[in-house]
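Please work through the exercises below with the sequence and the coordinates open beside you. Each task is followed by a solution that goes step by step.

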Amino acid sequence: MLLRTLAAIGALVLPLAAQQAIPENPASAPSEVYRSVVRIESAVQVPDYAMPWNSGRFGGGIGTGFVIGENQILTNAHVVSNARRLLITVHGSPKKYPARVEHIAHDCDLALLSVEDFSDFEDFPVFEIGGVPQLESQVRVIGYPIGGQRLSVTRGVVSRVDFSTYSHSRADQHLVIQIDAAINPGNSGGPVLQDGKVIGVAFQGRRDADNTGYIIPTPVVRRFLTDIEDGRYDHYVDLAVSTFPLFNDAMRRALRVPDDNLGVLVTGVVPEGSCHGILQPGDILTGIDGNPIDSAGQILIDGAKVDLNEIVERKFAGDTVELRYRSGDTWHDRAVELKPLPQNRMYAIQYEKQPRYIVFAGLVFQPLDTNLFATAKFDDLHVRRLYEDYLSEGLFTELEDIVVLTRIESDPINSQLSGFTGKVIDTVNGEKVTSLARAHELLHPETPPEFFVIRLLGASRPLIIPGTEVAAANERIQRTYAIDQLSNLEE
Amino acid sequence: MKASPLLLLASLAFTACERPPTVESPPAPTIDVQETVPAFEAALSTVRVSSTRQDWNPRQPWEKNPPRKRRSLGAVVSDRHVVTTAEMVTDATYLELETTDGLKLAQAKVDAVDYEANLALLTLEDPDDPFFENLVPLEIAEAPTTGDVLDVVQVENNGLPLVTRGPVQSIDVVANFLPGQYFLTYEVKASMQNSASSFSLPVLHDGELAGILTNYNSDDQISDVTATPILRRFLDDAADGTYEGFPSLGVATTSTDDSNFRAWLKLGDDHGGLYISSVRDDSAAGKAGVRKGDVLLAIDDREIDRLGYYDDARFGRVFWSHLVRGSKGVNEAAVLRVLRDGEILELTAELERLDAEDRLVPAYTYGTAPNFLIKGGLLFQELTRPLLRSFGKDWQSRAPLDLLDVYENPEDYEERFDRVVFLSGVIATPATVGYEPLRNLIVTEVNGQPIRDMKSLVAAFGEVPGDGLHAIKFDDEDFTVYLDEPLATAVDSQLLQRGLTRLSRTE
């Protein structure tokens, strides 16, 4: 992944900062507005997916935030993810204000903070959210990047407006603006200004290119602020369909669509998704909210070609979108109610979650998700297949979790089991394992069976654990490996 | 190690279990280094083998990769035959024999080859060539065993033979060329010279041919030498002009050393036994009635221990696969004693060879040109292991999931396919506009015809639908790709003009 988020790692920055002499008389802020750009010091605890019973790694980082309203400080989600303590400092003041997260949206990397006592901030200017800047127009980035402790300002021009990946969750794509100002770790969450208004939030950079900084544009920011108006964040909604462009003339003729460069072919519909039961593979999708969809899946908004999903991007759970499509020989115009796609979390990095696990006779079982995948790097074909098909093939309708045997902690009860880790658990004593909770239930019956027979997908043989020896083994393993809790079934 | 269809071969049982500790060899005997080695005689029974080899380009199957040359040695085994490794003759375009003194040269051809056992028998292209006139064929040795001292023959650049002595340190089944193809092998400890070739070398015992060195590891100075019984069986088999090859049982096994597992299997401590983790239906074991979950206790009354070893009268503790693959020929019977549900059964297996060519995804394709079809710029190929390997060093994790799945779980596909045909790529042409991102999709149907192999694909494209549009369907994909027949034909003729030698191969 070439994109990187821009929160500075505390371990790197703080000792450096501590060595620097702080001027006795800090210069007054060059601009009144700078007072409302705050430095966020975050102390985090990152869960340990490799040894999920451990406390995790303690660390910290620095980011930037800015005041957008009465006790409302906007920043990036990644600046405050997994935070255990948040402190805010203001330009030119040593005072640290404890803060907390009011709303956090990992799918668009935004968070809204509040401070315990806003009274010192009352007379601070409040940033106004502006529009989307023109290409080549100049912008200012303000923040607390590495290289010093005090406020930093850089300037650049808007290089590109595009649809791109948000690296914080890895799984989400939204509108981004690329600028050529130097923005660095610590800039994250800082405002990007034009004509005194915020036109974006600095959030990520690239390792493989110079002079590229990425900012979250205001349509995404406004969507976040609107979504949380009702007191909770509902996530993005999704059409949950896959499409294939209709460039090919032979394909167009075979599908009997006119030669007008319009329409895409529906190739997949996610079960339980917004379009489930409405669209079908083979349908031709030609319009969304009155906008004609071209054969590349693009629509024209405000004079620019954008992905048809841009319409959906700006909507909320429960909103409808008007689709025009052909199913068989019949044309339909139909309003589709939009829903989030919670199963998509399989592919997104999770934050603020306690890893779930079971330790049973030294066998460690964990549900598959991207956090675990990133830690364990599975190459088992079954694991990869289930991971890939989980959403598109609707596996989630039957498999709540894909439970993987991730480790075996050595103990006499399991000392002759090797070559089995990294495989998916299929059954326990003949019963299908459909979730971690179900696995726990099957592994802890009221009276233990003579043998627990655990079958893994693609394993050469079943794993056999003598039922009457489990309790003693668990006790031993708990003590030897310092595993305080043998299971955690709640995130 | 990953499960693979190769696992189904009897000899692959190692993949299903931890490799057991190597049997401790008796102390190496002291060797009298002063002893005269039969160098002169060796020179008369050894020839140089040169091969030019050229394989097909897996990505552009209409053309070949650049040729490569290799030199090594062969052992004269009759008045017209030389034995060497199969590795020397894979995809050979030209083979040449040369006497060690460099005075005589003759073009050779392959008489019999076993890629799995890594042995090849060469003979002269021109049977009347007097090449063998002054050469002395080697007798095949009585099989040496652990502790016996062998002579490895090398030839220096000046033509002088160089003989290195070394003891057989251990005997084990080893896969030395193709992965998963395990055969009885001598591990010979000898420090060999780097100046001469150190691969495909004759190995002698008391002046008789004991095996062919297939691999030398200079770090620990250990050589793999094909064991005499394998060599003898190969030569005997090839002698009648039709080579049958080594049989397989068709099972994958795993050890039963886990006491909990044994208790569950109700395996008493008076038994050894190997757990049968899978059986190929169409294999010798499958036809004999062996089932997944059986415990293999003995073959031909030779008891198999819990790690899979039996006591061989001559070689000591040897992995069980040698009882089938090495000790027996095709069409011989093997009596399998298995434990099933607490009962002991005797099953008789008629042994047969599991031919790589019969497998859904061939494990190797030496000597055969890859089948393919180009239609309007769409490139279709048959899935083979070499093709999967072309995805790079980490192909087992990097190759496309759908294709790996066929390779690792062929039983899920065998009913529908004889060979798996897939759209491997798209050449950008006017007929493939918009199709450029498509690749690695398994083809199930063209123009309504089910696709079982490349031949049926070519036939299906031959029947043009009334609207002139070919319809191509893929496994697990809900969409159809269409090709305009007149445009595709026009594009194909342009591709021929652009230098493609041909548009299809079905052999």
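The exercises that follow concern charged side chains and cysteines in a predicted model.

**Exercise 1.** Determine which parts of chain A are tied together by the salt bridge between A:Lys305 and A:Asp294, and classify both residues as buried, partly exposed or exposed.

*Solution.* Begin with the contact itself: the closest N and O atoms of A:Lys305 and A:Asp294 are 3.0 Å apart, and a salt bridge requires such a pair to lie within 4 Å. Finally, consider accessibility, for which buried means under 20%: A:Asp294, with a relative accessible area of 13%, is buried, while A:Lys305, at 49%, is partly exposed.

**Exercise 2.** Carry out the analysis for the salt bridge between A:Asp401 and A:Arg356.

*Solution.* The side chains of A:Asp401 and A:Arg356 meet at 2.9 Å, taken from N to O. A:Asp401 lies in the loop between helix H7 (381–392) and strand S25 (403–408) of chain A, and A:Arg356 in the loop between strand S22 (330–337) and strand S23 (357–360), so this pair ties together parts that are 45 residues apart in sequence. As for accessibility, A:Asp401 is buried at 7%, and A:Arg356 is buried at 17%.

**Exercise 3.** Turn to chain B and describe the salt bridge between B:Asp475 and B:Arg416.

*Solution.* The N to O distance of this bridge is 3.2 Å. B:Asp475 is in the loop between strand S26 (469–474) and strand S27 (480–484), and B:Arg416 is in the loop between helix H7 (401–408) and strand S23 (421–426) of chain B, so the pair ties together parts that are 59 residues apart in sequence. With a relative accessibility of 16%, B:Asp475 counts as buried, whereas B:Arg416, at 37%, counts as partly exposed.

**Exercise 4.** How many disulfides does the count give over all chains?

*Solution.* A disulfide is a covalent bond between the sulfur atoms of two cysteines. The step of reasoning here needs the cut-off, which asks for a pair of cysteine sulfur atoms within 2.5 Å. By this rule the count over all chains is zero. Among the cysteines, A:Cys108 is buried at 1% relative accessible area, and A:Cys275 is buried at 0%.

Technical notes
Residues numbered from 1 in each chain as written. Chains lettered and ligands numbered in written order. Predicted model: local features only at pLDDT ≥ 70, side-chain atom pairs only at ≥ 80, totals over all residues. Heavy atoms only, no water. Buried < 20%, exposed > 50% of the residue type's maximum accessible area, 1.4 Å probe, protein only. Helix = DSSP H or I, 4+ residues; strand = E, 2+ residues; numbered from the N terminus.
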